[in-house]
Amino acid sequence: MLAAPNPRFLAGLCLVALASRIAAEDSEQRGPQKPITLRQSGGFTIGGKIIHNPSNPNMTLSCDHGYVEYFTPWTPRKTSIVMWHSSSTQTFQNRWDGGEGFKDMFLRRDYPVYLWEGPRVGRANWACSPTSYAPDYRDQGNFVAWNFGPVFKEWWPDVQFPTASEYAWQQATNSRYVEYDSEASLNLETDAAAIAADSGKLGEDIVYLTNSASGCAPR
Ligand SMILES: *[C@@H]1O[C@H](CO)[C@@H](O)[C@H](O)[C@H]1NC(C)=O
């Protein structure tokens with residue numbers, strides 16, 4: 001199932017290494033930092049389709065588009081960083097101890113940052129096909145799936161998560177979106193991400209920084 005990694009995927013891996021190094025530097029030197037100066041910020045939808053009501057073709061639904069929130073530094077570098085997490089953009093916005101997330105780390109270093117939400121999740125949640133949601137008791141499953149520890153609230157000794165903070169844990173589990181991790185949904189997300197990349201609206205040199213199930217999609 002693993003195809004040969006394509007250049008974009010490799011770029012993603014390198015960026016993860018760079019991001020870890022930046023994270024280490026930042027935690028060593030907290031305190032006053034270079035301000036973040038933006039030229040502009042905003043958002044837009046991209047991709048998707050318009051489907052027609054079979055019993056009245058005049059009635060349509062615009063659906064399956066992705067959503068992008070963008071932040072452009074005052075003096076932007078050429079390389080854009082598109083941050084794509086399958087479960088929530090929040091994972092890039094802050095550390096769970098409230099510290100600086102990758103979004104601000106890269107903005108501070110003048111990279112244009114794009115927070116991507118694929119079709120059907122987050123701010124792009126109009127689906128062209130039926131979806132279903134049924135409450136499921138998955139907080140404990142989140143803990144293990146995110147590899148915080150072998151069983152709920154049994155933290156691995158070296159996690160960076162603020163393990164003593166019930167508030168932080170609640171934030172993390174609350175931030176998760178409802179996801180549709182089927183192959184069809186991953187293909188849909190990938191197609192929309194490709195359309196976004198080709199649109200020119202994310203810049204010319206683009207690195208997709210993926211995490212969790214979104215890392216399955218760009219292949
Ligand atoms: C759809 O719109 C066309 C053009 O306005 C109109 O002639 C037609 O009656 C409409 N169809 C329905 C089912 O409302």
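Two strands are said to pair if DSSP finds at least two bridges between them. With that in mind, one can look at this predicted model, in which Ser-80 stands opposite Ile-206 in β7. The strand β5, which covers residues 79-85, pairs with β7 in the parallel sense, and seven bridges join the two.

**The sheet**

These two strands belong to an open sheet of five strands, whose order is β1-β4-β6-β5-β7 and whose pairing is mixed. Because β1 (38-46) and β7 (205-211) stand at the edges and have a single partner strand each, one side of each is left without a neighbour in the sheet. From one strand to the next, the twist averages 20°.

| Pair of strands | Sense | Bridges |
|---|---|---|
| β1 and β4 | antiparallel | eight bridges |
| β4 and β6 | antiparallel | five bridges |
| β5 and β6 | parallel | four bridges |
| β5 and β7 | parallel | seven bridges |

Ser-41 stands opposite Phe-71 in β4, and Tyr-67 has Glu-117 in β6 as its bridge partner. Further along the order of strands, Met-83 stands opposite Leu-115 in β6.

Helix α6, made of residues 183-198, lies across β1, β4 (66-73), β5, β6 (113-117) and β7, and runs at about 35° to β4. The largest nonpolar core of the model has 28 residues, and those with the most contacts inside it are Val-82, Met-83, Val-113, Tyr-114 and Trp-116. Two or more residues of this core come from each of β4, β5, α3 (102-108), β6, α6 and β7, and α6 gives the most to it, with five residues.

Strand β5 is mostly covered, since six of its seven residues are buried.

Most residues other than glycine have a negative phi. Arg-120, although it is not a glycine, has a positive phi of about 85°, and Lys-153, also not a glycine, has a positive phi of about 65°. Arg-120 is placed in the loop between β6 and α4 (139-145), while the place of Lys-153 is in the loop between α4 and α5 (166-175).

Are these two residues buried or exposed? A residue is buried if 20 or more other C-beta atoms lie within 10 Å of its own, and exposed if 12 or fewer do. Arg-120 has 24 C-beta neighbours inside 10 Å and therefore counts as buried, whereas Lys-153 has 11 C-beta neighbours inside 10 Å and so counts as exposed.

**Confidence in the model**

The mean pLDDT of the protein is 86, and 84% of its residues reach 70 or more. Over residues 1-18, however, pLDDT stays under 50, and for this stretch the model has 14 contacts beyond four places in sequence. Where pLDDT is low, the predicted coordinates should not be read in detail.

Technical notes:
Residues numbered from 1 in each chain as written. Predicted model: local features only at pLDDT ≥ 70, side-chain atom pairs only at ≥ 80, totals over all residues. Axes fitted to C-alpha atoms, helices over the stretch in contact; angles between N-to-C directions. Contact = placed C-beta atoms within 7 Å. Core = buried A, V, L, I, M, F, W, Y, C linked by C-beta atoms within 7 Å. pLDDT = per-residue confidence, 0-100.
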